[in-house]
Amino acid sequence: MRQYLDVKDKHPDALVLFRLGDFYELFFEDAVLGARLLDLTLTTRDKGKEDAVPMCGVPHHASRGYIAKLTELGHRVVIVEQVEDPRLAKGLVKREVARIVTPGVVLDDDVLDPKQPRYLAAVVPTKASVGLAYLDATTGELRATELSPGELEGELVRVAPREVLADGKALGDGNALAILQTRIRVAWNRADIPPTVDAAAGELGKLPGVIDARERPLALRAAAAVVAYARATQPAGALPIRALELYRPGDAVVLDETAIANLELVETLIGRRAQGSLLDVIDRTVTAPGGRLLRRWLLYPLVDVAQIRRRQDAVAWLALRPALVERLRGALSRVADLERLAGKATLGVATPRDLGRLRDALAQLPELIALIATGTTKLDPTPPLLALEPAREPVLATLAARLGTSLVDAPPPLLKDGGAIRTGYDATVDECRGLADGGKEQIAAIEEREQRDSGIASLKVRYNRVFGYYIEVTKSQLARVPAHYARKQTIATGERFVTPELAELEKKVVAAEDTLAIREAELFRAEVLAVAELAGPIAAAGAALAVVDTCVALADVAASRSYCRPIVDDGFALEIADGRHPVIEAMLAAGEFVPNDCRLDPDAEQLVLITGPNMAGKSTYMRQVAQIALLAQIGSFVPARAATIGICDRVFTRVGAADNLSRGDSTFMVEMRETATILAKATRRSLIVLDEVGRGTSTFDGVSIAWAVAEHIHDAIGARTLFATHYHELVALAESRPRVRNVSVAVREHKNEIVFLRRVVAGGANKSYGIDVARLAGLPKQVIGRAREIMATLESGSALAASPQLSLLAAPASPIAARLAAIDPNRVTPLEALQLLAELKSLT
Ligand code: ADP
Ligand code: MG
């Protein structure tokens, strides 16, 4: 217990799994919690005593699944192993923390999603700015940045870490981080943040990037915190980190949590499933690193035209070579995850099978390089992104050859299974194998000889772990047992014997096998080290392959779904001919999706107001425009006949509260707060998508707010904006604002029924068709009939005075009347009155 309590003292908020024989045991509160989480039986140590200690345990051989379950539930697990052979230990067996598994640092392939990074993050918040760093311990990817406090939530959503570290004080009650904690549901843990730049730089050592990072102290300190924390989880191995990569939020399109969610980039809005997301449609990668890279590309669209064009060039080059794309997909799919395998070697957790897969992947590199070369022509050489330069590194071929001679063709899953080292590689291994095999053959020969000599045909030489080799004779034959057999054990069906010869041979076999295991382990460790030494070049080759895989995937989507190469430039125009929604198009039968054009331009058509009844296709249209812009900026082709995309620096989306099904807390307040953010942060370069803003309140408030927001974007911001509303009153905005264009999603009335045409046409809708949609939805005939009656009365004007809200519906064409009706003279301050007057004047 002393040993246990020492460990627990150092790790008070982790579950300690304490190795006792063949079990990992949990004690005290850990046992109570563990028993509940893992569905184990809670028992007690020293049963019957007054203060019996609660305990529960999991068998050592099945521990992997239990540990995984705990970490996936957000817990940290400290694993304490016996570091001495219990048979040799004098007194208490020595035990030590072997490793710590935390939600952010998991190395188990069964738990890791091959196509997603596993990030551990740290935040260092100050009033003015926040340092953020994140590390994927499986690959050693380490990035850090500094952002404004308001940007933190969006960036955390984008990074999607499994665990976030912060200083104890920062996580205290009531502050901004504590609020964020309730919104971003991951494991938040306290950790030591290096207090100074020097301490942080010291922790990170000579890592490339650290010197530059001195100018961003918060980022540097956050990076040092994740590294120190991750390091502590691996007492036995080194982390595969090769550089600290600093980035600025402005290096990529700024996307906040709402935009990522609304545009369904990596998961759907409803149900939060990966299937049906934009990533799902374009992810045709065949390797895990390719999958991780494409995810990263999609979440961090570029803003630099030259960089985007480089990617486009690679995609275009491949799109012209469909046969090559097919062959590359085939070849790539046979290449294992070099980034993670290199990481495992560095961490010292690589298995013989891992090294076998790494070797086979390295051996594939020349074929891949040759394959790409087959596409090269004088006029159209291989684009730089596909050059696979790092895969040509000669040391990789040398390493592959080395692993080819040292390891067998199909190495075992675990070292202790034996048989990892190839025969002919090492004299000791060969000799021990020979001795062990020879001994076994001799033993097998004994069986035959003894059967003959004793005349007992049923005599068997057998083996078990307790006795080793023995001779078994059945009851009926016992009388014929020779005198030199020594009886060892009586069993139900007969007796077991040993002979000096057998014992001698057994000793030889066991000794040979022991030596063999030790030698194999030694040799295997040398191979792991050889790989770890080249982890940098291996990972670089893996990264280069990931780029090829990602470009191949995008080329494949482009070709099979008839996407076009967009023109991406530093202009401000956004022009799409026959654009389609990539996800909805993929769900419909070919040709069913109705394509639409879009033109946005801050100088002419800055704000496009989209009206049309519910279900007409407004939201779909706006999302498709935003998704096409983002696809263009990751270097992908886009679902359109032609497109020109002037770079967007930020993409904002807001969906009216009633439409925003994803958030439990969807209130009008949230919607307004988000709208406020847009108005504060959007620039002339931004793309804004506003969907039914103002919907979460009464019609009257809603129209007024929508109106004022649209005006402000037009007058003060100048950002390219798509603004959908079912308040067709807003079409009047175009009369007073030169850069507002009205479009509507066409519907046709056919025999009193509404038919959705899905076509976006010039001009605003003059009717909301709410009743028609209600009818389609199946409201009873009487209700529909009555609604039409009321509508007719309202439109005839007889109820104009009844309520301001209804009057609005009746007089859509007069914004001034609407605005006036909204004013309660008793509540207006003189200043507001002046402002109102100015506003009304602007409406004329
Ligand atoms: P609104 O926002 O106007 O209420 P939505 O954009 O939600 O309408 O569209 C309603 C449904 O219509 C979508 O779920 C989609 O299935 C279909 N739809 C929208 N646009 C198109 C289109 N261009 N072609 C085919 N189907 C479409
Ligand atoms: Mg909608």
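Six strands form an open sheet with mixed pairing, in the order S3-S4-S2-S1-S5-S6. Strand S3 (43-45) and strand S6 (95-101) stand at its edges. Each has a single partner strand, so one side of each is left without a neighbour in the sheet. From one strand to the next, the twist averages 40°. The model is predicted.

Strands of a sheet pair through backbone hydrogen bonds, either parallel or antiparallel. Strands S1 and S2 run antiparallel and are joined by 3 bridges. Within this pair, Phe18 has Glu25 in S2 as its bridge partner.

Helix H2 packs on the sheet. This helix touches S1, S2 and S4, and its direction makes about 45° with that of S4.

| Element | Residues |
|---|---|
| Strand S1 | residues 15-20 |
| Strand S2 | residues 23-27 |
| Helix H2 | residues 28-38 |
| Strand S4 | residues 53-59 |

A polar atom of the Asp256 side chain lies 3.0 Å from the backbone nitrogen of Ala259. Beyond its neighbours within four places in sequence, Asp256 is in contact with Gly154, Phe652 and Arg654.

Key. Residues are numbered from 1 along each chain as its sequence is written. Chains are lettered from A and ligands numbered from 1 in the order in which they are written. This is a predicted model: local features need pLDDT of at least 70, side-chain atom pairs count only at pLDDT 80 or more; totals for chains, interfaces and linings use all residues. Side-chain values use heavy atoms; hydrogens and water are left out. A polar contact is a pair of N or O atoms within 3.5 Å; within protein, one must be able to donate a hydrogen and the other to accept it, and residues adjacent in sequence count only if both atoms are side-chain atoms. Contact means heavy atoms within 4.5 Å. Two strands pair if DSSP finds at least two bridges between them. Helices (H or I, at least four residues) and strands (E, at least two) are DSSP runs, numbered from the N terminus. Axes are lines fitted to C-alpha atoms, for helices over the stretch in contact, and angles run from 0 to 180 degrees between N-to-C directions.
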